Amino acid sequence: MTATTAVPNNPPRVKQRPGDRVFAATTRAAGYVILIALAGVAIFLTAKGLPALGADRNDLAGAANLAAYVWPLLFGTLLAALLAILIATPLALGAALVISHYAPRRLATPLGYVVDLLAAIPSVVYGLWGLAFLGPRLFPVYDWLADNLGFIPFFRGPASASGRTILTAAIVLAIMILPIITAITREIFAQTPRLHQEAALALGATRWEMLRLAVFPYGRSGIVSAVMLGLGRALGETMAVAMVLSASGVVSLNLISSSNPSTIAANIALGFSEATGLRVNVLIATGLVLFVVTFFVNFAARAIVGRRDRRMA
Amino acid sequence: MSSPHLKTNRPTEPTEASPMPATVTEPETRAPDRMSMHRSRLPHWAPWLVAVVAAALSALLSLTLGWSVAGWAVLAVVVYAVALPGWSRVVENSRTALDRLVTTLVWSAFAVALVPLVSLVTKVLVEGAPALSAEFLTFSMRNVVGEGGGIYHAIIGTLLITLAATLISVPVGLMSAIYLTEYGNNGRTARTITFLVDVMTGIPSIVAGLFAYALFVLFFGEGVRLGFGGAVALSLLMMPIVVRSCEEMLKLVPADLREASYALGVPKWRTITKVVLPTSLAGIITGVTLAVARVIGETAPLLIIAGSTDSVNMNLFAERMMTLPVFIYYSYTQPGVPAEFGQERAWGAALVLIVIVMALNLLARAVGHYFAPKSGH
């Protein structure tokens with residue numbers, strides 16, 4: 001907390017005017033509206049999702065019960081999000097380091113804006129690009145992987161000719177979460193005390209040693225929570241996956257074949273417009289599962305970052 | 001305060017007893033120091049030389065093997081990442097070599113991160129520009145099969161729904177931010193709200209859409225689709241962003257201003273409305289504009305609750321309403337027969353959407369830049 005935040009919230013013994021009371025009550029009410037909205041999400045999804053427990057095979061796409069229906073979707077959601085994190089984290093850390101430490105000072109701010117532009121592009125456009133541009137171009141790579149690294153279960157193949165695989169979806173997700181991780185980590189890197197860095201350099205450390213000795217230890221919790229926030233975003237991202245992935249609802253670790261697990265969010269987006277009756281409740285119940293998972297991921301991430309400082313976007 | 005203890009994080013190669021501390025602040029930009037006490041260093045143009053050689057070498061190789069541009073770039077970076085640290089290891093020492101390797105990796109990570117942005121923007125420009133015309137922007141898709149038609153209905157829908165979402169979330173968000181900074185006293189309620197607002201920024205957009213559906217199904221019955229539902233869903237996503245940015249901006253207002261106002265006998269609520277808010281207005285507008293830019297491209301909630309239609313619908317409270325993102329999605333995935341017209345319209349709409357989002361971003365930055373109060377200290 002900086003000095004400017006030390007607002008005199010309670011001027012001693014001020015006369016309470018009606019205007020003050022009304023205004024204070026209004027602002028408090030607005031704060032409660034937000035809490036109510038969050039609670040409302042949980043309550044409404046639960047209320048509309050509960051009937052799905054009684055759904056039969058017709059409404060569950062052939063699955064025996066709700067858990068059997070949700071599990072492959074949850075698996076696909078987690079798989080895509082984890083792959084996306086694995087791809088995005090090194091790139092995001094690199095980009096953040098460029099902006100905070102490597103780029104010349106005059107270049108750093110514009111470069112930061114450029115990375116932020118990635119976050120500005122709507123997810124449906126990412127989906128369009130992944131479907132029409134990236135997927136077909138990744139096919140040769142997948143083909144090569146299937147031919148040469150086919151002994152690894154992830155690349156067993158056969159490679160999907162359209163490139164619409166879970167790996168493509170994960171790459172698109174990685175691009176989408178990269179700006180979030182970059183924005184938070186570069187903020188944290190920039191906050192490292194200058195004296196720590198200069199001390200390391202003065203002791204003869206190279207720039208990389210300075211980063212490892214002074215910057216990373218200081219920002220460790222921030223990096224962890226940034227990655228978790230990215231994970232939360234990747235779990236809930238809908239349109240890119242819905243458009244890029246050609247899903248068949250299997251549980252498979254094969255990342256490059258044409259039969260891929262779907263994700264919860266994509267499954268809802270693809271199925272909702274035609275859903276009627278109990279099928280709607282089933283989809284809402286899966287949405288509740290997604291909400292709970294992302295809520296806890298975000299909760300944990302914010303708790304970690306909150307222990308340090310809560311200046312993160 | 002827990003400052004990191006440097007001595008517990010010793011470098012992994014402490015045994016390398018260096019007789020002289022090497023001057024290593026900015027190896028690339030400094031001219032080599034000719035004092036005899038210093039170690040030999042690579043000349044400052046070494047990275048450039050290696051880069052040119054690596055590029056030429058891999059160009060030769062990829063031309064002979066018939067590789068694509070991507071293959072050439074990857075190969076060039078690999079050659080560079082091997083050659084420069086290798087050279088440095090011979091002339092300088094292993095620590096500097098590692099430093100040069102990491103510098104290469106960090107910059108290539110940054111470059112890789114930008115490749116999709118460039119590729120995506122060019123792809124959308126190339127595919128979308130031919131679709132743009134006066135007809136495209138002023139006609140709806142009503143009774144259009146095949147060629148022709150436009151996105152007028154989608155633009156109207158996007159504008160109306162986003163406007164409604166802004167009208168819901170800005171008052172609530174701004175007032176909550178005022179509560180958190182001016183009245184919250186950092187007490188338990190304020191801290192809870194702050195924390196939950198942070199958590200709320202991570203709500204998946206599709207969940208917001210499901211919430212709006214579950215809410216409006218109570219009033220309108222099964223299968224409800226209406227534009228206002230989309231606005232509610234979007235405002236759920238927008239509120240936390242507005243709260244966070246307004247809160248940051250209100251905190252930046254110096255306490256002196258408030259105290260001066262109190263000293264003149266101005267009531268607290270007048271101080272907030274007449275002193276604090278005007279001072280932070282530029283920042284608040286920036287934050288709100290960025291929040292609008294964030295939600296205007298949301299697809300999933302609108303797909304669920306606003307639905308899709310081919311006609312113009314000006315009424316937020318009845319019937320389906322087309323929006324740009326949903327239009328893009330349906331025109332590309334269900335383009336009709338023949339497919340190319342629908343897909344061309346999808347790219348055109350994507351271009352329009354990107355232009356809108358970028359314009360909002362630029363506007364926000366411009367407002368923040370030109371109208372920000374100059375800090376007095």
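Hi everyone. Let's start with two helices in chain B. On one side, B:A282, B:G283, B:I285, B:T286, B:T289, B:L290, B:V292, B:A293 and B:I296 of α10(B) come into contact with a group from α13(B): B:I356, B:V357, B:L360, B:N361, B:L363, B:A364, B:V367 and B:G368. Please keep in mind that this is a predicted model.

What classes of residue make up the contact of α10(B) with α13(B)? There are 12 nonpolar and 5 polar residues, and no charged ones.

Now, how do these helices lie? Helix α10 of chain B spans residues 268-296, helix α13 of chain B spans residues 339-370, and the two pack at an angle of about 170° with their axes 8 Å apart. Because an angle over 145 degrees counts as roughly antiparallel, α10(B) is roughly antiparallel to α13(B).

Let's move on to the two chains together. The contact between them takes 87 residues from chain A and 88 from chain B. On the chain B side, helix α3 (residues 94-128) gives the most, with 20 residues. That side of chain B has 63 nonpolar, 15 polar and 10 charged residues.

Finally, the nonpolar cores. The largest one has 200 residues, and A:A84, A:L173, B:F211, B:I328 and B:A350 touch the most other members. Helix α2 of chain A (residues 66-102) supplies the largest share, 21 residues. In chain B, domain 1 (22-123) and domain 2 (137-370) each provide at least three residues to this core.

Which residues does A:A84 touch, leaving out those up to four places away in sequence? They are A:A170, A:L173, A:A174, A:I177 and A:A234.

There is also a second, separate core of 8 residues, including B:L42, B:A46, B:V50 and B:A76.

Note on methods: Residues are numbered from 1 along each chain as its sequence is written. Chains are lettered from A and ligands numbered from 1 in the order in which they are written. This is a predicted model: local features need pLDDT of at least 70, side-chain atom pairs count only at pLDDT 80 or more; totals for chains, interfaces and linings use all residues. A nonpolar core is a set of buried Ala, Val, Leu, Ile, Met, Phe, Trp, Tyr and Cys residues joined through C-beta atoms within 7 Å. A residue is buried if 20 or more other C-beta atoms lie within 10 Å of its own, exposed if 12 or fewer, and partly exposed in between; C-beta atoms are placed from the backbone. Helices (H or I, at least four residues) and strands (E, at least two) are DSSP runs, numbered from the N terminus. Domain bounds come from an automatic or database domain assignment. Two residues are in contact if their C-beta atoms, placed from the backbone, lie within 7 Å. Ala, Val, Leu, Ile, Met, Phe, Trp, Tyr, Cys and Pro count as nonpolar, Asp, Glu, Lys and Arg as charged, and the others, Gly among them, as polar. Axes are lines fitted to C-alpha atoms, for helices over the stretch in contact, and angles run from 0 to 180 degrees between N-to-C directions. Angles under 35 degrees count as roughly parallel, over 145 as roughly antiparallel, 65 to 115 as roughly perpendicular and the rest as oblique.
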